[in-house]
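Please look over the model below. My notes follow as numbered points.

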Amino acid sequence: MNEKKECKIVQDLLPNYIEKVTTEETNNYIEKHLKSCSECQEIYASMTENLSTKPTVEEKEVRYMKKFHKQLKVLKIILLVIVLFFVFSIGRKTYILCSLGAKWEKTEQQLSNNYFSRTLQYMDGIIIETTSYLKEQDYIATINYMSTNGHKSKMTHYKKGEEELYLLETKDKKFQFEGESFLRYHPGISFNTTAYFIGNLQTAPFVKIETLNIADKECYVIKYSNEDRIIDKETGIEIKTIHYGYNDITTIENYYDFGVVKDSDIQRPDTTGYKVIRDSSELQEYLH
């Protein structure tokens, strides 16, 4: 047989020979040729050397598992960092909410028996201004309604000792209500936050808390899905609320000054010229 042709046949068989899938007769033929052919010996040596450096299936599996465990370890670290950040964020917000609630309760207990308050509410072309002077059980509260169409009205609730007055001024008319009245109003510091831990913990994931300085007051801005509440860090009192409605925005601004109200601030309103009304049906008759 031509030597080159025989070399070609042997070289084609070498991969199967190395993988041990050739017959015994073929093995004998290949080995006999290798003994006398230096060229095929070199090719055989090169092929077996490459095979020895090629990783086995077991080695591949080991390498894969090592790589997998390394990636899993990195993933666990990332997840741990995320969880720790989430826990820290929720814990911080819960602490802030509880702290504000505790300060609010302390403020209410110590100062809510003597204060002046002024609230401005803006909504859909209407401005509502409420002012209150309160000392112990006595107070006078005035609510002014003003709209962009020029309508104005004023309600006054006065209480000193056993005497109470409910007054309404609208459309150049003045009314004084006697007995039960839908115009009754009792001043009070608007409810802000609570020190209740579980409630704040449940709220914390759904709010965003930022800091803000308003008129030299350090405040927290608590952002809900449709509402921002600005609360004084020192007292826990809500000084501003912005409610985002579907088609409009309502803004409420609160101002409080504690321990400043004197007896002279709670003066009985002059009821001269007021029409006495005993039920709401009489009011409708006079308004039309």
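1. The structure holds zero disulfides; a disulfide here is a pair of cysteine sulfur atoms within 2.5 Å. Cys-7 is in none, and the nearest cysteine sulfur, that of Cys-37, lies 3.5 Å away. For reference, a disulfide is a covalent bond between the sulfur atoms of two cysteines.

2. Cys-7 is buried, with a relative accessible area of 5%. Cys-40 is buried too, at 0%. Buried means under 20% relative accessible area, exposed over 50%, and partly exposed in between (1.4 Å probe, protein chains only).

3. A word on provenance. This is a predicted model: local features need pLDDT of at least 70, side-chain atom pairs count only at pLDDT 80 or more, and totals for chains, interfaces and linings use all residues. Residues are numbered from 1 along each chain as its sequence is written, and side-chain values use heavy atoms, with hydrogens and water left out.

4. The protein has six helices and 12 strands. These are DSSP runs numbered from the N terminus (helices: H or I, at least four residues; strands: E, at least two).

5. The 12 strands form an open sheet with mixed pairing, in the order S7-S8-S9-S10-S11-S1-S2-S3-S4-S5-S6-S12. Strands S7 (208-214) and S12 (275-277) stand at the edges; each has a single partner strand, so one side of each is left without a neighbour in the sheet. On average, neighbouring strands of this sheet are turned by 15 degrees against each other, direction ignored. Axes are lines fitted to C-alpha atoms, for helices over the stretch in contact, and angles run from 0 to 180 degrees between N-to-C directions.

6. How do S6 and S12 pair? Strand S6 (residues 173-177) and S12 pair in the parallel sense over three bridges. Two strands pair if DSSP finds at least two bridges between them. Phe-175 stands opposite Lys-275 in S12.

7. Gln-110 is found in helix H4 (residues 57-111). Gln-110 is exposed, with a relative accessible area of 51%. Gln-110 and Phe-258 are 148 residues apart in sequence, yet 9.7 Å apart in space, C-alpha to C-alpha.

8. Now the totals. Buried residues make up 33% of the 288 residues in the protein. Of the contacts (heavy atoms within 4.5 Å) with a separation of 6 or more, 48% come from residues 24 or more positions apart. The accessible surface comes to about 19300 Å², of which 54% belongs to carbon and sulfur atoms. Accessible areas come from the Shrake-Rupley method with a 1.4 Å probe; for residues, only the protein chains shown count as cover.
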